[in-house]
There are 2 protein chains.
Amino acid sequence: MQDLLFDFISKYVSLTEEEKNAIISLDIFHSAKKGTTLLKEGQKTKYSYFVLKGCIRTYYIIEGEEKTTAFYTEMEGLTPYCVKSDNPSEYYISCIEDTILIVSNSDMEVEINGRFPKFETMCKILSEELLAKERIDFDKFKTSSPEQRYLNLLQSRPDLIQRVPQHQLASYLGIKPQSLSRLRARILEKK
Amino acid sequence: MQDLLFDFISKYVSLTEEEKNAIISLDIFHSAKKGTTLLKEGQKTKYSYFVLKGCIRTYYIIEGEEKTTAFYTEMEGLTPYCVKSDNPSEYYISCIEDTILIVSNSDMEVEINGRFPKFETMCKILSEELLAKERIDFDKFKTSSPEQRYLNLLQSRPDLIQRVPQHQLASYLGIKPQSLSRLRARILEKK
DNA sequence: ATAATATCTTAACTTAAGTGAACGTTTTTA
DNA sequence: TAAAAACGTTCACTTAAGTTAAGATATTAT
């Protein structure tokens, strides 16, 4: 299971056994059942989450309605905004499937970064890369219609459409569940 | 002018005179006239841009139409996706106003980071912070209607509405220029 | 196993965005 | 400075998303 992590890390930096052991000794591997809420609106946290296996999502409750804005699956992770800003979180994080997670807190990261500069370099590369990707995704979203967004998703993350409930997908695409149903029917008709 | 940069940096790390001089000697300060294109679709680049004064935008040309997806103003910057991915750029970058920029290339950054670890730490903090912010912005976009997005922008970046042409604002909001006109008229009526 | 709840789809109607065109205004550029 | 191009607004029409409601499944909890 830990190999999943080390395989991932090896794409960015190579770790010695000592470094691997230091990471393992942090006791950051956790598993969580489907439906578990990791973070609630209004809470503050210092934890970051990285998915080894399974799927988590972020969602808001706006005027009583759940709005799912992101999914994180294998080898994806997030540091909630409130970790950086010290404000209470505006969103919830919960598990869509039984999930194996790495949960790290910011003090822990400071310590590891101090001991192994290599690790800090990796985090820098990773977050710069993710920022660039996130901006591209946002651009794509802005320049597409809901239908195009759905077709894009079908191409780029077909697994999501299978593993995620439709009404959560809908808000992820920026529309209502009814509109997603209709839009899919429309696409089938066209074929 | 350089003070703008050092004031900004001082929010994250404190630099010695030696470090400041090292930065100045890199000769990274440039000015560009309104309308200058910094990067074209199809080009590869190793340059990152940081705005000290003025405004730049990223835009795509999709089926003959310009789609503006982002604006960067004072103390904001971007590293084009192609710097990280080594693919040709899918978008253009150009100056909306006469602009004073910091232009840095990735080799330069590697060198500075090697010499001053402090600098690498700052870049890591900055990009993690920006990633978290970008995700929040994307969430906000997904969960809002075009009208709400416009009202949001009016609150959060009122300067943009003044300094940027309407048709560029429109695609930034994910709609057509005609729709932005209409939407503004609608808002005025309501008052 | 059954009741309760959540989810998905369909439909009719409303609202707002997309489209194509016209027109006046501003900005460029030759 | 005159002509050309770009820009912003309005309008009528089309298309698609939002809304409300109902019914059919599927899932969860007791």
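Me: In this predicted model, which residue of β6(A) is the bridge partner of Tyr49(A)?
Reply: Strand β3 of chain A covers residues 47-53. Three bridges join β3 to β6(A), and the two run antiparallel. In β6(A), the partner of Tyr49(A) is Leu78(A).

Me: In what order do the four strands of the open sheet in chain A stand?
Reply: The pairing in this sheet is antiparallel. Strands β1 (29-32) and β6 (76-78) of chain A stand at the edges. The order is β1-β8-β3-β6.

Me: Why is one side of β1 and of β6 in chain A left without a neighbour in the sheet?
Reply: Strands of a sheet pair through backbone hydrogen bonds. β1 and β6 of chain A are edge strands, so one side of each lacks a neighbour in the sheet. The reason is that each has a single partner strand.

Me: By how many degrees are neighbouring strands of this sheet turned against each other on average?
Reply: The sheet is open and has four strands. The angle ignores strand direction. The average is 30°.

Me: Which element gives the most to the side of chain B that touches chain A?
Reply: The contact involves 28 residues of chain B and 28 residues of chain A. On the chain B side, β4 (56-62), β5 (65-72), α3 (81-85) and α5 (117-142) each supply at least two residues. With 17 residues, the element that gives the most is α5(B).

Me: How many charged residues has the side of chain B that touches chain A?
Reply: By class, this side has 11 nonpolar and seven polar residues. The charged residues number 10.

Me: Which element gives the most to the surface near DNA strand C?
Reply: 17 residues surround DNA strand C, and the closest include Gln166(A), Ser181(A) and Pro146(B). Both chains take part: α8 (166-172) and α9 (177-190) of chain A, with α6 (146-156) and α9 (177-190) of chain B, each supply at least two residues. The top contributor, with five residues, is α9(A).

Me: Which element gives the most to the surface near DNA strand D?
Reply: Among the nearest of the 17 residues around DNA strand D are Ile175(A), Ser179(A) and Gln166(B). Here α6 (146-156) and α9 of chain A, with α8 (166-172) and α9 of chain B, each supply at least two residues. Five residues come from the top contributor, α9(B).

Me: How many polar residues has the surface near DNA strand D?
Reply: This surface has six nonpolar residues and four charged ones. The polar residues number seven.

Terms used. Residues numbered from 1 in each chain as written. Chains lettered and ligands numbered in written order. Predicted model: local features only at pLDDT ≥ 70, side-chain atom pairs only at ≥ 80, totals over all residues. Contact = placed C-beta atoms within 7 Å. Nonpolar A, V, L, I, M, F, W, Y, C, P; charged D, E, K, R; others polar. Pairing = 2+ DSSP bridges. Axes fitted to C-alpha atoms, helices over the stretch in contact; angles between N-to-C directions. Near = placed C-beta within 6 Å.
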